[in-house]
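User: I have a structure to study and would like to go through it step by step. Please answer my questions briefly.

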Amino acid sequence: MTTTIAALPNHNRITDPLWQRLFHGYGHVITPLRYAGWVTDIETAGGEFHVRADLRDGTELIISSEHNLPADPAEVNGWTAIRQDVQDTSTHTVLYDSTPNGPQEHHRNRLIPLLARVDGLDLPGRAHRLIVSASHVSPYGACHNQTAGIEGVASAVARFSEWSQRLTEHEGYRRVWQRSQRDGYPLALFESAGHIMTVRVTRSDD
């Protein structure tokens, strides 16, 4: 089945090389939020960077780090998430803080705990719950399946990316195909010396 990923931001900064570099660099944060149905952007005002998602209820989600997001995502030492009123930013709630000395400091820069908190927000039009699974087929035909628990959309899409990254960076696989974002939830095929791994995201009620 297909699903709708939120549209890209519509402004003249999308042609700016800095914006493009940051939007791509923080794609592991932005893409899960877009699959949750929220138009998500990188704000670059005043040389300070953060991710902003429109929650479509008059509030917005601001994701940053200890002060603001570094230009290099590898330098993030923890995440902060604030939900604030679009018209009055003084009206806000701190949802999550895994920066040094924050209440979720033990999670540091891990992304899934942050997105699990975001998935738990009480918002209208809540998206479907999802499952991430992986299937391994060996060259001699043996099969093995692995399945994560039922999760919110943002957490599941982030877990798909985490599993995919582990395969390519630590287990010697190469990605041979991945479904286009416009065609449905993430699905990818990996290969290594005749071993085939399929990683997918599906609705929990499919």
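The questions and answers below go through strands, helices and single residues.

User: What kind of model is this, and what are the ground rules?

Analyst: Residues are numbered from 1 along each chain as its sequence is written, and side-chain values use heavy atoms, with hydrogens and water left out. Local features need pLDDT of at least 70, side-chain atom pairs count only at pLDDT 80 or more, and totals for chains, interfaces and linings use all residues, for this is a predicted model.

User: In what order do the five strands of the open sheet run?

Analyst: Strands (E, at least two residues) and helices (H or I, at least four) are DSSP runs, numbered from the N terminus. Two strands pair if DSSP finds at least two bridges between them. In this open sheet the pairing is antiparallel, and the order is β7-β6-β10-β9-β8.

User: Which strands are at the edges of that sheet?

Analyst: An edge strand here pairs on one side only. The twist averages 20° from one strand to the next. The edge strands are β7 (143-147) and β8 (174-178).

User: Which residue in β10 is the bridge partner of Val137?

Analyst: Strand β6 covers residues 130-137 and strand β10 covers residues 195-203. They pair in the antiparallel sense over eight bridges. In β10, the partner of Val137 is Ile196.

User: How many residues are in the hairpin that joins β4 to β5?

Analyst: β4 pairs with β5 (residues 92-97) in the antiparallel sense over five bridges. In this pair, Ile82 stands opposite Val94. The hairpin joins the two strands through six residues.

User: Which residue in β4 stands opposite Ile63?

Analyst: Strand β3 (residues 59-64) pairs with strand β4 (residues 80-85). The sense is antiparallel, over six bridges. Opposite Ile63 stands Ala81.

User: With which side chain does the side chain of Thr59 make a polar contact?

Analyst: Thr59 is found in strand β3. At 3.2 Å, the partner is the side chain of Arg83.

User: Why does the pair of Trp19 and Phe23 count as stacked?

Analyst: Rings of Phe, Tyr and Trp (its six-membered ring) pair if their centres lie within 6.5 Å; planes under 30 degrees apart count as stacked, over 60 as edge-to-face and the rest as tilted. A search of the whole structure finds two aromatic pairs. The rings of Trp19 and Phe23 have their centres 4.5 Å apart, and the pair is stacked because their planes are at 20°.

User: Are Trp19 and Phe23 buried or exposed?

Analyst: Both residues lie in helix α1 (residues 17-25), four residues apart, so about one helical turn separates them. Trp19 has a relative accessible area of 5%. Phe23 is at 14%. Trp19 is buried, and Phe23 also counts as buried.

User: How many of the nine residues of helix α3 are buried?

Analyst: Helix α3 (residues 111-119) is mostly covered. Its buried residues include Leu111, Ile112 and Pro113. What covers them includes α2, β3, β4, β5 and α4 (153-170).

Technical notes:
Axes fitted to C-alpha atoms, helices over the stretch in contact; angles between N-to-C directions. Polar contact = N/O pair within 3.5 Å; in protein donor to acceptor, adjacent residues only side chain to side chain. Buried < 20%, exposed > 50% of the residue type's maximum accessible area, 1.4 Å probe, protein only. Contact = heavy atoms within 4.5 Å.
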